[in-house]
Amino acid sequence: AWRCKVAPLVRFLHYTSAGGSLPAHVDLSRTLRNGERTTHTFLLYLSESDTGGETVLLSTREGDACLAHAGGVAPGERKAIVSVSPRKGRLLITPHVCPHLAAATTAPKLVVRGELVVAPRYG
């Protein structure tokens, strides 16, 4: 069995105009008050777009692990594993260490972003 805990701090990401994007990166973990570290990121899309604004999950490259502590990824070409279009109500959960990017928006985009602790439940 697994347990999942939502970290208490969530943020709104608001891309107010067309063209907003983020380059390839990994997400940083956060340390909770009890000392646990978050393991996954969730994105809850509050708006949608027919084109643009996708979250693109990318293949890993040698050297990614060395840069993950700072949110970085190794330079070079990457394969797009899946492209997730923003759809109102869609929830995307990914491990922090999964490289991804935010494709340029073509319209305003609103997302709730937060962190989770996902761990096996022992006993």
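**Entry 1, the model.** I began with a reminder to myself that this is a predicted model.

I looked up the largest pocket and found a volume of about 260 Å³. Its lining has 18 residues, and Leu-13, Leu-22, Leu-43, His-100 and Arg-113 are the closest to its centre. Which strands supply the lining? I noted that β2 (11-15), β3 (22-25), β4 (40-45), β5 (55-58), β7 (91-95), β8 (100-102) and β9 (109-120) each give at least two residues. I also sorted the lining by class, and it came to 10 nonpolar, 5 polar and 3 charged residues.

Next I asked which residues make up the largest nonpolar core. I found 5 residues in all: Leu-43, Tyr-45, Val-84, Leu-92 and Val-111. Leu-43 was already in my notes, as one of the residues closest to the centre of the largest pocket.

I then followed Val-111 and set aside its neighbours within four places in sequence. Val-111 is in contact with Arg-11, Phe-12 and Leu-13, and also with Leu-43, Leu-44, Tyr-45 and Leu-46. Two of those partners, Leu-43 and Tyr-45, belong to the core as well.

How many cavities of 30 Å³ or more does the whole structure hold? My search turned up 1. The largest cavity has about 40 Å³ of space. Among the residues lining it are Ser-47, Glu-48, Ser-49, Pro-86, Thr-105 and Lys-109. By class, I wrote down 3 nonpolar, 7 polar and 2 charged residues for this lining.

Note on methods: Residues numbered from 1 in each chain as written. Predicted model: local features only at pLDDT ≥ 70, side-chain atom pairs only at ≥ 80, totals over all residues. Heavy atoms only, no water. 1 Å grid on protein atoms, 1.4 Å probe; cavity = no way out; pocket = protein on both sides within 12 Å on 5 of 7 lines; lining within 4 Å. Points joined across faces, edges and corners; volume = space filled by probe spheres on them. Nonpolar A, V, L, I, M, F, W, Y, C, P; charged D, E, K, R; others polar. Core = buried A, V, L, I, M, F, W, Y, C linked by side-chain atoms within 4.5 Å. Buried < 20%, exposed > 50% of the residue type's maximum accessible area, 1.4 Å probe, protein only. Contact = heavy atoms within 4.5 Å. Helix = DSSP H or I, 4+ residues; strand = E, 2+ residues; numbered from the N terminus.
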